[in-house]
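This report is meant for a reader who is new to protein structures, and it takes the parts one after another. Please keep the sequence and the model in view while reading.

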Amino acid sequence: MSEKDIIICRCNDVTQKEIEDLIDQGITDIEEIKRLTRIGMGPCQGRTCIPLVMRIIARKTGKKIEEIPVPATRVPTRPVPMGVLAGAMNNEE
Amino acid sequence: MRLNEHPILNFQKRRGKKIKIYFEGQPLDAYEGETIAMALHAAGIRVLSYSGEKHRPRGLFCAIGKCSSCLVKVNGIPNVRSCITLVEDGMRIERQQGKEEIPKTVKPPQWKDAIKVEGDVVIIGGGPAGLMAAINAAKAGAKVVLIDENPMLGGQLVKQTHKFFGKREQFAGVRGVKIAEILIEQAEKNENIELYTETSAIGIFQENDRKLVVAIRKNKELVEFWGKAIVVATGAMEKMIPFENNDLPGIYGAGAIQTLMNTYGVKPADRVLIVGAGNVGLILAYQLLQAGVEVKAIIEAMPKVGGYFVHAAKVRRLGIPILTRHTILRAEGKEKVERAIVAQLDENWKPIPGTEKVFDVDVIALAVGLRPSIELLHQAGCQIAYIRELSGHVVRRDARMETTIKGIFVAGDAAGIEEATTAMLEGKIAGISAALYSGKSNISWLKEIEKTQKELTEFRSGPFGKHVLEGIKKVMVGEINE
């Protein structure tokens, strides 16, 4: 099986193998994995990848899912054009 | 391809005016009222973007604005969620190539204050829970504002062609799509309810005793929704599973397939493999047959079918094989799904070599469960906990659906994965509780809450309900009503 084609984070193209390799190097903290790979930081804000990453950490470290902290959720929780936050978005070219 | 004949749904009646859109310069037919992703799928387009790092083709996955797998460029602007953005005549759509830049020709925005909308109760999400919360909060005396990021209210009810179980007052024997119509009409007719569709909540804040939901309307304007209480009824998100090429266009969440065929009348595929034999997978199989799609098989990793026996029996009668103890090894295809490779599992959940089967399918449906959408509650600071029986992380709450932040309530799948009937009952409780909290309601409404709590307990008395109740006990703050 080609491990490199199992995608965990679609937004930032992170594979299962990349996350497992980090854990094998001793990086088991989800916040560290997040900062190193940018999981959870793309347009979907972790909706797809975070539960998968938590399961990989649990499987590799023997921790329970309950023991793994959920990374912070921050505003904006949706992809938003920056211009809209300032005021009217000007789409006209 | 579009569906024109369906045993239950009439799409000709539903479709809006025919218009022209352009994809990569090519003109395509679309109908007003449908989303970009649906029009593109109807035209046979599966690849919506190429990813930035590894240049992998990507397509639709959740179809309800949550997964951001369907981003395209619209009139030069990248990162548009094509699954919840409506088509407009003359729209120019292009495939997105990784993280695109905003064109240099775009003028900087003009500073402008946000539009302000005031209510007593602000409800986020217009599915079964949110609509029931709105209707009952308004009945109880509150001025209600309800927002939903989809162009259409009703949540997942709008795609359910099957009839519901339960009691008569819980819409037993009525199809989900009809229940949605009834609830939407009640909400629209009520003078004390203001409805905002295509409006995404992006954050929850508090100022003294008032709460603020910041939202973006039609991806164009910032709106502040102010209220005394908030009900979060944001529903659920489809789960993804790891297997080779699990991001190939044509691997869709079960809900996305229902959106295509049951909401917009677009034929989702010719041949489908369903992963997961819970109720969602079983009902999906039946709905696919209604839409004229061939279902090759349903595979299930567990040793037995997870869904109701009646649904499984119906599916088997129609000749669809259900393979338990099977898993998907990989998807294959150039740019989009052409084949699915599955294998049998041993007692240790390891694929048994030599048991591989190949299914020639153009869509793989993932019906491997949902998880609660708690992002806004988590951002607001509500306490959360991982509860397996409720299918993921959920917020702590009491019997009146109030979270650990006073005045913030939760209802429906966002409070734990269950079903539409319990979502409606929870929505009713949360709506009345929020109206009481806002100070606009009368204490006599407590009786209605107690009555609804009893109905919930009755509905949960079956084997599925027992499992959920175990989870609710773990997450409950204060006394549990039984």
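Predicted model: local features only at pLDDT ≥ 70, side-chain atom pairs only at ≥ 80, totals over all residues.

## Chain A and its order of elements

Chain A has 93 residues, of which 53% count as buried. Among the contacts in chain A with a separation of 6 or more, 52% come from residues 24 or more positions apart.

## Where chain B meets chain A

How many residues does each chain bring to the contact? Chain B gives 58 residues, while chain A gives 47 residues. The size of an interface is often given as the accessible area lost when the parts come together. For chain B and chain A, the area buried between them is about 4,500 Å², with 56% of it on carbon and sulfur atoms. Within the area that chain B buries against chain A, 12% is supplied by Ile202(B), Glu244(B) and Glu375(B), which is more than any other three residues supply.

## Polar and charged links across the interface

Between chain B and chain A, five salt bridges are found across the interface. A salt bridge also joins the side chains of Arg78(A) and Glu149(B), with a distance of 2.4 Å from N to O.

On the side of chain B that touches chain A, the elements giving two or more residues include β6 (77-81), β15 (221-227) and α8 (375-380) of chain B. The largest share of that side comes from β13(B), which gives five residues. Sorted by class, the side of chain B that touches chain A holds 22 nonpolar, 18 polar and 18 charged residues.

## An enclosed strand in chain B

Why is strand β20 of chain B, residues 294-300, described as largely enclosed by the rest of the structure? Five of its seven residues are buried, and therefore the strand is largely enclosed; buried here means under 20% relative accessible area.

Strand β20(B) pairs with strand β19 (residues 271-275) of chain B in the parallel sense, over five bridges. As one example of this pairing, Val272(B) has Val295(B) in β20(B) as its bridge partner.

Technical notes:
Residues numbered from 1 in each chain as written. Chains lettered and ligands numbered in written order. Heavy atoms only, no water. Contact = heavy atoms within 4.5 Å. Buried area = accessible area lost by both parts, 1.4 Å probe. Salt bridge = Lys/Arg side-chain N within 4 Å of Asp/Glu carboxyl O. Helix = DSSP H or I, 4+ residues; strand = E, 2+ residues; numbered from the N terminus. Nonpolar A, V, L, I, M, F, W, Y, C, P; charged D, E, K, R; others polar. Buried < 20%, exposed > 50% of the residue type's maximum accessible area, 1.4 Å probe, protein only. Pairing = 2+ DSSP bridges.
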